[in-house]
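Let's take a friendly walk through this model. Have a look at the structure first, then read on.

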Amino acid sequence: MTATLESPVTSVLERRYRKLLLAYPRPYRQAHGDELLDVLMESTDADRTIPPPREVAGLVAGGIRTRVIHLAGGSVWRDGLHLGVTAVAVANLAALVPYAAAIPLWTALSALSVLAVLRGWVWVAIPLTVAVGVKAVAVAGGWQVAELTQVPVYPGLLTGRALFSDSAPVTVTVAYGLVVVGLLAPAPRGGVTRARSWWWWAAIPFLAWDGPAWMIEEHNLPISLSRMGLELALMAAAAVAGYLTRDLRWALGCAFYLAVTVVGVTLLTLPENGVILSSQHLAYGALLALLTAATALLPLRQRRHALD
Amino acid sequence: MSRGSSVSEQTYFVLAALLDGPLHGHAILKRVVELSQDRVKLAVGTLYGALDRLTGSGVIMVEKEEIVNGRKRRYFRITDDGRRLVEEEALRMQQAAAVVTGRTLGATFS
């Protein structure tokens, strides 16, 4: 015997199913939510008030899958590049946040540039990124631009290291320059740059904090566990999204972020900079490269098995 | 299904369920259980995920929509591509099964 919509017992069940359907994006719920609810109620024993675990798992997995598929709209090239640009812009802001008390204007302008990138306001984001980038490069090089800034810039929170103490001016130039290049890159098939999630702001403390320590403190280019955890989690999520959607935009975003990181580190390790990478750096870099490769290969594998 | 196959067991039974005519979601669930002799029981979220993907791939399509108790109900129909796909898969499995069943029968009568 299956549940009907009238009995008081099933109204509890229906309410619980409705809560589970929140796993699906709103447009999908509006279009098909009642249809799914009908089938769920017809498929469930009338005396149940708690949804069977199998249905709970199916709805949560189906909802997440549908949400990810809904994210994969528009031009792959433009959206994938915008994803990578957003990640690098957020990392650039996170690099300044611990020093906000010393350089409040530039941190605020950097936050505005991230806001513009997130909202897809390309022509607002570009001048802001250029302005903050010029100042950042100047600080990294010990030069004065726009206003007098005492260098080195010491932190107020989250880290104990001076601003850009591990970065050469050329590395900072790459980090900001590629954001501008990414924003300017034309999409082969046009399309608009869409707004991205507000959740990107939540990434900033993880990227800005230099703890918990993983590498020897005195080592050049320390990578914190909080940063590692976030980068690995986001890239793993990108690989899952690529698997579910058979779409290459996540791979493009990860490759852009990885390219900025790799180019920056490579420039830093040129002989004149005297920086030597540890086996931990290489292992972590290999892991990021592996995850980026997975974001590209999983959609291709899935395309051959298009029905599953 | 096995490695190298393009259709999972769940997808195979969903397509097979539609071979006799268009069905709505709950009817597909029941038909899949019958055809698989209780082996394949799809969760509703899993079924609709599969129906969305199969519709996107063009192997099934929405035949019609009805309003029942004030709520929309879609009927899904298998397309010619879908019918060809499930028939090819059945033939492939038949040939694969014959490799083993032929050997077993041969051993029985030898």
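## How chain A is put together

In chain A, take the contacts between residues at least 6 apart in sequence: 73% of them join residues at least 24 apart. Two residues count as in contact if their C-beta atoms, placed from the backbone, lie within 7 Å.

Chain A has 11 helices and zero strands. Here helices (H or I, at least four residues) and strands (E, at least two) are DSSP runs, numbered from the N terminus. Of its 308 residues, 38% count as buried. A residue is buried if 20 or more other C-beta atoms lie within 10 Å of its own, exposed if 12 or fewer, and partly exposed in between, again with C-beta atoms placed from the backbone.

## A word on the model

This is a predicted model, where local features need pLDDT of at least 70 and side-chain atom pairs count only at pLDDT 80 or more, while totals for chains, interfaces and linings use all residues. Residues are numbered from 1 along each chain as its sequence is written, and chains are lettered from A and ligands numbered from 1 in the order in which they are written.

## Two domains

Chain A splits into domain 1 (8-70) and domain 2 (75-304), with bounds that come from an automatic or database domain assignment. The C-alpha centres of these two domains of chain A are 38 Å apart.

## Where the chains meet

Chain A brings 21 residues to the contact and chain B brings 22 residues. On the chain A side, α2 (26-43) and α3 (53-71) each supply at least two residues.
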